[in-house]
Amino acid sequence: MKVVSKDGQTLADIAIQEYGSLSAVVELAKVNGMAISDVPGAGVELTLPEKCFNRAMQNYCKANEVEPATERDTSGLRLGIFTEEFTKEFQ
């Protein structure tokens, strides 16, 4: 089977969408020659492993058209736990 990735989808998103389980990420990456942290671009065709990870969740995701996409941060904000006064101290 094949699936075409949507804009913003990570392999984890596709694993949830197609298998209902994050456990599928490793196998999905392996079958497609990718690292688990790789993000396929929109429209990339991926091969789906012939394996069941969580049948109940897989059926739920299919029946409810679950199609997650990880939101990307485009705000330009830099997050940190320290204010400027601590910057020199902890660099």
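This is a predicted model: local features need pLDDT of at least 70, side-chain atom pairs count only at pLDDT 80 or more; totals for chains, interfaces and linings use all residues.
Biologist: At what angle do helix 1 and helix 3 pack?
Modeller: Residues are numbered from 1 along each chain as its sequence is written, and side-chain values use heavy atoms, without hydrogens and water. The axes of the two helices (DSSP runs of H or I with at least four residues; strands are E runs of at least two, both numbered from the N terminus) lie 6 Å apart. With axes fitted to C-alpha atoms over the stretch in contact, and angles running from 0 to 180 degrees between N-to-C directions, the packing angle is about 95°.

Biologist: Which residues of helix 3 make the contact with helix 1?
Modeller: Helix 1 and helix 3 are roughly perpendicular to each other, a term for angles of 65 to 115 degrees. On the side of helix 1, the contact (heavy atoms within 4.5 Å) is made by Ile16, Gln17, Glu18 and Tyr19. Helix 3 contributes Gln58, Cys61 and Lys62.

Biologist: How many residues apart in sequence are the parts that the aromatic pair ties together?
Modeller: A search of the whole structure finds one aromatic pair (ring centres within 6.5 Å). Tyr19 and Phe53 form this pair, which is edge-to-face (planes over 60 degrees apart), at 5.1 Å centre to centre and 80° between the planes. Because Tyr19 lies in helix 1 and Phe53 in the loop between strand 2 and helix 3, the parts tied together are separated in sequence by 34 residues.

Biologist: Is Cys61 buried or exposed?
Modeller: The structure holds zero disulfides (cysteine sulfur pairs within 2.5 Å). Cys52, at 38% relative accessibility, is partly exposed, the class between buried (under 20% relative accessible area) and exposed (over 50%), with a 1.4 Å probe and protein chains only. Cys61 has 3% relative accessibility, so it counts as buried.

Biologist: Which residues does Ser5 contact, leaving aside its neighbours within four places in sequence?
Modeller: Ser5 lies in the loop between strand 1 and helix 1, and its relative accessibility of 3% makes it buried. With those neighbours left aside, the contacts of Ser5 are Ile14, Pro40, Gly41, Ala42, Gly43 and Val44.

Biologist: Where in the protein chain is confidence lowest?
Modeller: The mean pLDDT of the protein chain is 83, and 77% of its residues reach 70 or more. Confidence is highest in strand 2 (residues 45-47), at 97, whereas the lowest mean, 57, belongs to helix 4 (residues 84-87).

How values were computed:
pLDDT is the predictor's confidence in each residue, from 0 to 100. Rings of Phe, Tyr and Trp (its six-membered ring) pair if their centres lie within 6.5 Å; planes under 30 degrees apart count as stacked, over 60 as edge-to-face and the rest as tilted. Angles under 35 degrees count as roughly parallel, over 145 as roughly antiparallel, 65 to 115 as roughly perpendicular and the rest as oblique.
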